[in-house]
Amino acid sequence: MFDFEGELVSGSQNWQIVYTDDEGDMMLVGDDPWEEFCSIVRKIYIYTKEEVQKMNSKSAAPRKEESPAAGGGGGCAAATNE
């Protein structure tokens with residue numbers, strides 16, 4: 001199905017393995033110790049290094065804070081990119 005032929009091995013020049021944790025944050029594989037990684041990983045993604053750089057530049061840009069809805073009751077919303 002996939003033909004990566006060893007390209008996902010650490011130090012590869014083409015691919016980056018990224019995962020979402022139990023809080024929905026995206027992180028690089030290897031950022032956490034193995035035991036912690038196993039307990040928090042939810043989804044694993046394979047991106048090109050260019051795609052990861054684009055995502056990093058977008059997340060580094062300041063975001064506009066949205067004001068809470070008037071009279072709203074402490075709801076919480078999370079957005080994910082899939």
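**Aromatic pairs**

Y45 and Y47 are both buried. Their ring centres lie 5.8 Å apart with the planes at 15 degrees, an angle under the 30 degrees limit, so the pair is classed as stacked. The structure described here is a predicted model.

A search of the whole structure returns three aromatic pairs. In one of them, formed by Y19 and F37, the ring centres are 4.8 Å apart and the planes stand at 90 degrees, so the arrangement is edge-to-face. Because Y19 belongs to strand β1 (residues 15-20) and F37 to helix α1 (residues 34-40), this pair ties together parts that are 18 residues apart in sequence. Ring pairs also join Y19, W34 and F37 into a cluster.

Y19 has a relative accessible area of 0% and is buried. F37, at 9% relative accessibility, also counts as buried, because the threshold for burial is under 20%. In soluble globular proteins, nonpolar side chains tend to be buried together.

For M27, the contacts beyond its neighbours within four places in sequence are I17, V18, Y19, D21 and D32. Y19 is therefore a contact of M27 as well as a ring partner of F37.

**The sheet**

Three strands build an open sheet, ordered β2-β1-β3, with antiparallel pairing. At its edges are β2 (26-28) and β3 (43-48), each of which pairs on one side only. From one strand to the next, the twist averages 35 degrees. Strands of a sheet pair through backbone hydrogen bonds, either parallel or antiparallel.

Six bridges connect β1 and β3 in the antiparallel sense. Among the residues involved, Q16 has Y47 as its bridge partner in β3. Y47 thus takes part both in this bridge and in the stacked pair with Y45.

**Surroundings of T20**

T20 is situated in strand β1. Its relative accessibility of 12% places T20 in the buried class. When residues up to four places away in sequence are set aside, T20 touches D25, M26, I40, V41, R42, K43 and Y45.

Technical notes:
Residues are numbered from 1 along each chain as its sequence is written. This is a predicted model: local features need pLDDT of at least 70, side-chain atom pairs count only at pLDDT 80 or more; totals for chains, interfaces and linings use all residues. Side-chain values use heavy atoms; hydrogens and water are left out. Contact means heavy atoms within 4.5 Å. Rings of Phe, Tyr and Trp (its six-membered ring) pair if their centres lie within 6.5 Å; planes under 30 degrees apart count as stacked, over 60 as edge-to-face and the rest as tilted. Helices (H or I, at least four residues) and strands (E, at least two) are DSSP runs, numbered from the N terminus. Buried means under 20% relative accessible area, exposed over 50%, partly exposed in between (1.4 Å probe, protein chains only). Two strands pair if DSSP finds at least two bridges between them. Axes are lines fitted to C-alpha atoms, for helices over the stretch in contact, and angles run from 0 to 180 degrees between N-to-C directions.
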